Amino acid sequence: MRKIKFLWNCIVHMDYGELFRTVGKVHQITGKNSLGILIDVVLCGLRYGAGFNDYLLCEFYNLSDAQRATYVTRKVNNDLVRILNNREYYHYFDNKSEFYTTFGKYIGRQWLDFSKASKEDFQKFMESRETIMVKPESSSGGFGVDKLYKKDFPSVDAMYDHLKEQKIGVVEEVLQQHEEMNRMNPGSINTLRIVTILNETGPHIVYAHIRIGNSDRPVDNLHSGGMFAPIDLERGVIQYPAYDKARHTYTEHPRTGTTIQGFAIPCWEEAKAMCLEASQIVPQMRYVGWDVAITPNGPVFVEGNNLPGYDILQMPPHTPDKIGMLPRFREFVKGI
């Protein structure tokens, strides 16, 4: 029944224009018949719960049925969230100020709950600052996150009014990035996405990726031109060249020339320990994607995600054996 409901929701809410554009892209890449591609996309949705973006980004058109069955797809990820996370506790992660309060031990910077701040509160916060980061109360993918300069506003009062109009939820001091991470890309905080699962044997790290900025925006998100690559959990080094959502592969960062594969993440053991410890604070949320920044003083949280994205898991340059991540998840989650 749940599978039927999932498929029905997909049919009702699907962006059919984007579906047919995806079929066209696959046709251009492979030369295969468009009708045959469309039928295969539909069959992959029925058999594996794969969306058309899964089909394109993970190159399902190059995989056998046995290989496709090893991939974490949209439906599989939704099932993981359903099994492991209690919706009544989503607010700890959806609400920025509540997340900062709950996980205050790991935030490592001063911040202001702007949704409740008076002009006097904001003026005091800005007394010794020329630059701040601002975030909407609820957002994902880096949308609405920005770096603002006091000098760009006629007054602090005007800055306050502007932020109220933008419905900003959190104002915080600008993070300083570890010099090694700056070597990769100094234009943004290059965060680690470390995903944990809490089961009957305790907390576990399932996988980790680095996300690297590659635009003029001060964020590393894939929707803003960023790239990503998996991290070896034991050694704390980047395993493969980076990849982005435009399907480009990078052996070096185009802005700094830094070699990506083999790059060692500073404070790696501390970052892992922090995520494992934090994953036990709200035990009703057992599947979390932690976004970690590495500062000169060690790792800190940027945010936590109660619906960890799965789209960076199994990209072609990172799966040379064409085996997805589902077997890894099955080590920690029964019935998936």
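How many of the eight residues of strand β5 (residues 192–199) are buried? I started my notebook with that one, and I count eight of eight, so to speak a mostly covered strand.

**Ground rules**

I am working with a predicted model, where local features need pLDDT of at least 70, side-chain atom pairs count only at pLDDT 80 or more, and totals for chains, interfaces and linings use all residues. Residues are numbered from 1 along each chain as its sequence is written, and side-chain values use heavy atoms, with hydrogens and water left out.

**Entry 1: strand β5**

I took "buried" as under 20% relative accessible area, "exposed" as over 50% and "partly exposed" as in between, with a 1.4 Å probe and protein chains only. Strands here are DSSP runs of E with at least two residues, helices are runs of H or I with at least four, and both are numbered from the N terminus.

I then sorted the side chains of β5 by direction. L192, I194, T196 and L198 point one way, R193, V195, I197 and N199 point the other way, and all are buried.

Next I looked up the partners of β5, counting two strands as paired if DSSP finds at least two bridges between them. With strand β6 (residues 202–212), β5 pairs in the antiparallel sense over eight bridges. A hairpin of two residues joins β5 to β6, and I noted I210 in β6 as the bridge partner of L192. Strand β10 (residues 287–295) also runs antiparallel to β5, joined by six bridges. There, T196 has V288 as its bridge partner.

**Entry 2: the four-stranded sheet**

I moved on to an open sheet with the order β1-β4-β2-β3 and antiparallel pairing. Since β1 (111–113) and β3 (146–149) stand at the edges with a single partner strand each, one side of each is left without a neighbour in the sheet. Neighbouring strands are turned by 30° against each other on average, direction ignored. For such angles, axes are lines fitted to C-alpha atoms, for helices over the stretch in contact, and angles run from 0 to 180 degrees between N-to-C directions.

Three bridges join the antiparallel pair β1 and β4, and L112 has V171 in β4 as its bridge partner. I also found helix α9 (residues 119–126) packed on this sheet, touching β1, β2 (131–136) and β4. Contact means heavy atoms within 4.5 Å. The direction of α9 makes about 175° with that of β1.

**Entry 3: two lysines with positive phi**

Where does K167 lie? I found K167 in the loop between α10 (156–165) and β4 (168–172). Its phi is near 60°, a positive value in a residue other than glycine. K167 counts as exposed because its relative accessibility is 65%.

K322 has a positive phi of about 60° too, although it is not a glycine. I placed K322 in the loop between β11 (298–305) and α13 (326–330). At 34% relative accessibility, K322 counts as partly exposed.

**Entry 4: T319**

T319 lies in the loop between β11 and α13. Is T319 buried or exposed? At 8% relative accessibility, T319 counts as buried. Leaving aside neighbours within four places in sequence, I find T319 in contact with Y71 and Q314.

**Entry 5: L43**

My last stop was L43, in helix α3 (residues 34–48). L43 counts as partly exposed, because its relative accessibility is 32%.
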